[in-house]
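The following exercises concern a predicted model. Study the sequence and the structure, then work through each task before reading its solution.

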Amino acid sequence: MALVTQMITNLHQALTGPYTPPPVKKEPNALRFGLLSTANINRSSILIPAASHPSVIVDAVASRQLDLAKSYAKRHSIPKAYGSYQQLLDDPEIDVVYVSLPNSLHYEWAKKALLADKHVLVEKPFTTTSSEARDLFRLADQKKKVLMEAYHNQFHPASHVVQEIIASGKLGRVIKTTSSMVVPNLAIPANDIRWNYELGGGSILDEGYAVSAPRFFLQGLRPEIVSACARSFKKDGRLDEAMEVDMNVKDRDSRNVECRVMTDLARPYVAGIIPRFWESPVFEATCEKGKITFTNFIMPHVFHSIQVTDENGKTETIKAYEGGPKWKNTGESWWSTYRYQMEALVDKIRGKEPAHWLEGEDTIAEMDTVDAILEKSGLGKRVGKVQPSEETVRIEGEMLRRPDPVAVAA
Ligand SMILES: NC(=O)C1=CN([C@@H]2O[C@H](COP(=O)(O)OP(=O)(O)OC[C@H]3O[C@@H](n4cnc5c(N)ncnc54)[C@H](OP(=O)(O)O)[C@@H]3O)[C@@H](O)[C@H]2O)C=CC1
Ligand SMILES: O=C1OC[C@@H](O)[C@H](O)[C@H]1O
């Protein structure tokens with residue numbers, strides 16, 4: 001799947017902008033990024049965006065195999081290659097670590113990266129359980145490091161336009177939403193990490209975009225799960241090949257919105273025999289006075305359309321590849337979701353207010369929702385690996401021993 005993502009993103013870069021973005025001169029104090037793994041997604045998410053960011057140098061890559069790290073580094077002109085993830089974390093020149101490992105390894109390596117005093121960008125899903133997510137944000141707070149989940153689509157101008165239309169209330173309040181992300185059957189190879197329970201596979205974790213969409217676009221609260229129906233993976237019944245969820249999300253005015261979520265890693269063929277075309281991920285909001293349909297809400301940089309239908313049935317189609325309510329004059333029409341995300345990440349690390357930010361509490365709400373969906377479906381939430389680290393215990397211990405300022409003042 002990441003290969004597909006990468007192919008589409010690369011094609012987009014080739015068609016709409018420079019394939020190799022304009023070589024920018026790097027600032028002398030540019031942030032040095034280290035990649036934890038040679039994952040397919042690295043190219044779209046970090047390597048291409050970094051080429052056009054003056055404050056980012058991809059300085060190192062680590063792999064479980066040194067040979068692989070070396071050949072990857074050579075292919076992508078990365079100066080340093082390490083044969084273990086820990087070696088990269090031990091490199092004092094690395095400022096930011098990007099965790100693109102299988103989902104069940106995100107927690108362990110994001111935690112080790114924070115303990116090594118790095119800022120950390122973690123691929124989605126952030127972790128496999130919400131307690132892992134809470135633990136990481138607690139640690140990031142203590143270490144005063146920037147930590148974020150890479151929900152890149154939330155950084156694109158088109159996403160902000162949809163948020164803004166909903167918040168404006170011009171179509172009245174939202175009554176219901178649907179969000180879907182589906183992949184045709186057999187598109188994901190049998191040995192992919194998405195089919196592996198131990199590695200954190202399954203549709204709800206991989207395609208969590210559809211879960212986060214209603215809360216993001218409504219700027220709403222943590223959902224209440226009404227029902228969740230899983231289609232189990234035949235080769236491993238613990239895994240959800242697909243999931244259909246009905247949940248209630250409170251909008252910004254605490255009004256209830258009925259939200260339907262569909263994820264599918266192997267959408268069956270029509271009548272079992274006719275292969276399906278790739279279906280674009282869609283977010284749709286039915287409002288009191290119209291409807292908004294955001295097609296391709298996950299990769300809006302490749303293409304997207306925002307169709308707004310008013311109460312008279314008149315439809316306007318909006319596109320927003322740059323600008324929008326948050327980015328204003330920052331950005332280029334060829335910037336991908338990942339490039340906007342990188343801009344925000346660098347700003348945050350530099351202490352500058354980013355145009356958009358994905359807060360820890362949003363990631364925790366997302367992981368709480370994933371836990372609740374898995375519980376409701378009967379599959380049960382994932383096991384996770386939370387263990388307070390030595391460091392966390394030490395820092396918490398120090399905080400406990402610190403005199404209570406209120407008591408001292410009295
Ligand atoms: N933001 C986005 O658009 C996308 C995000 N993702 C997310 O990125 C992450 C990586 O996905 P993707 O690029 O498809 O993954 P890949 O399968 O391409 O890469 C995962 C990497 O993890 C390392 N790894 C460590 N342990 C294992 C193991 N036991 N089995 C397999 N690989 C292992 C390997 O690197 P090495 O051998 O070098 O150690 C491998 O290359 C996932 O969390 C996924 O959800 C994926 C696609 C798109
Ligand atoms: O993050 C992702 O985005 C694109 C999907 O194709 C992929 O499965 C997923 O991991």
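**Exercise 1.** Determine which atoms of Tyr85, Leu101 and His106 approach an oxygen atom of ligand 1.

*Solution.*
1. Begin with Tyr85: a polar atom of its side chain lies 2.4 Å from an oxygen atom of ligand 1.
2. For His106, an N or O atom in the side chain is 3.0 Å from a ligand oxygen atom.
3. Leu101 contributes a polar backbone atom, 3.3 Å from an oxygen atom of ligand 1.
4. With a cut-off of 3.5 Å between N or O atoms, each of these pairs is a polar contact.
5. Ligand 1 taken alone exposes 900 Å², of which the protein buries 86%.

**Exercise 2.** Describe the shell of residues around ligand 1.

*Solution.*
1. The shell consists of 26 residues, and Thr38, Ser63, Tyr85, Asn103 and Tyr338 are the closest.
2. Sorted by class, there are 13 nonpolar, eight polar and five charged residues.
3. Domain 1 (2-151) and domain 2 (153-338) each supply at least three residues of this shell.

**Exercise 3.** In which sense, parallel or antiparallel, does strand β10 pair with β7, and in which sense with β9?

*Solution.*
1. Strand β7 (residues 174-184) pairs with β10 (residues 256-267) in the parallel sense, over eight bridges. Within this pairing, Thr177 stands opposite Cys259.
2. Strand β9 (residues 236-250) pairs with β10 in the antiparallel sense, over nine bridges. Here Ala242 faces Asp264.
3. The hairpin of β9 and β10 has five residues between the strands, and Ser254 takes a positive phi near 65° there.

Key
Residues are numbered from 1 along each chain as its sequence is written. Chains are lettered from A and ligands numbered from 1 in the order in which they are written. This is a predicted model: local features need pLDDT of at least 70, side-chain atom pairs count only at pLDDT 80 or more; totals for chains, interfaces and linings use all residues. Side-chain values use heavy atoms; hydrogens and water are left out. Two strands pair if DSSP finds at least two bridges between them. Helices (H or I, at least four residues) and strands (E, at least two) are DSSP runs, numbered from the N terminus. A residue is near a molecule or strand if one of its heavy atoms lies within 4 Å of it. A polar contact is a pair of N or O atoms within 3.5 Å; within protein, one must be able to donate a hydrogen and the other to accept it, and residues adjacent in sequence count only if both atoms are side-chain atoms. Accessible areas come from the Shrake-Rupley method with a 1.4 Å probe; for residues, only the protein chains shown count as cover. Ala, Val, Leu, Ile, Met, Phe, Trp, Tyr, Cys and Pro count as nonpolar, Asp, Glu, Lys and Arg as charged, and the others, Gly among them, as polar. Domain bounds come from an automatic or database domain assignment.
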